[in-house]
Amino acid sequence: DPQHIFNGVGQFDVTLTVTDAQGETDNVSLQIVVSENEEPNLGPTASFIADPVNGMAELTVNFDASQSFDDKEITSFIWDFGDDRSGVGEKTVHVFENPGVYTAILTVSDEEGLTSTTSTIITVLENTSPTDKKVEDVVVYPNPVRNETLKIDLSAFLMEKISISFYDIYGKLIFQKIAEQDHEAIIELDLAMLQNGMYLMELGTMESNQEYTIKKIIKLE
């Protein structure tokens, strides 16, 4: 069986002629259409970055889907933030107003309608303002302190940056420590450098450009 390769694009009339032993002939024709060789469309791949993925309400999160890709072009970016709200666009910003665990979903589509979906978890904590906290929320022990470390229970202040300051009876700052937002629930302080006596311990935090403080009297013996 003969074979032929058509290298060009176009319409080609192929004619077959047959001849018998007596020299009689006959022919038949067939049109061959050769089009451009198009590669099959590959579906898109959805990918995005959310920053931050956890924090206190109201939590503002930046979403960036510029890492999504397609063999041709992505034509739509559709966001489902998991709180009955949605958005569009390669980059967007969303505010999660209430505490909860949300699944943020991105769906991308290409020009031929193929889609891809990916998601991430956003954790929103209850925003407890320092003004809502009481002195009783901070447990300090032992008090008095005798040749041991002072322990401060800051479990009510997780996710908050706290300054711990000690003042003498004259109001002079003599010691300070900063507990970052990822601090432990129990902070231990070695106060061996301080002389015996009465001190004012002040816990302070910053929120909305306002400073809030909680004060405790600590005795060293």
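**Backbone geometry in the loops**

Glu-58 is found in the loop between strands β4 (54–56) and β5 (59–64). The model is predicted, so local features need pLDDT of at least 70, side-chain atom pairs count only at pLDDT 80 or more, and totals for chains, interfaces and linings use all residues. Residues are numbered from 1 along each chain as its sequence is written, and side-chain values use heavy atoms, with hydrogens and water left out. Strands (E, at least two residues) are DSSP runs, numbered from the N terminus.

Most peptide bonds are trans, and most residues other than glycine have a negative phi. The exceptions described here concern both points.

Two cis peptide bonds are described. One joins Ala-57 and Glu-58. Its omega is about -5°. Another joins Tyr-141 and Pro-142, with omega about -15°. Pro-142 is found in the loop between β11 (139–141) and β12 (150–153).

Positive phi values come next. Asp-84 is not a glycine, yet its phi is positive, near 70°. Asp-84 lies in the loop between β6 (74–80) and β7 (86–88). This residue is exposed (over 50% relative accessible area, with a 1.4 Å probe and protein chains only), at a value of 83%.

Asn-147 is also a residue other than glycine with a positive phi, near 50°. The loop between β11 and β12 holds Asn-147. That loop also contains Pro-142. Asn-147 counts as exposed, because its relative accessibility is 83%.

Terms used: Helices (H or I, at least four residues) and strands (E, at least two) are DSSP runs, numbered from the N terminus. Buried means under 20% relative accessible area, exposed over 50%, partly exposed in between (1.4 Å probe, protein chains only).
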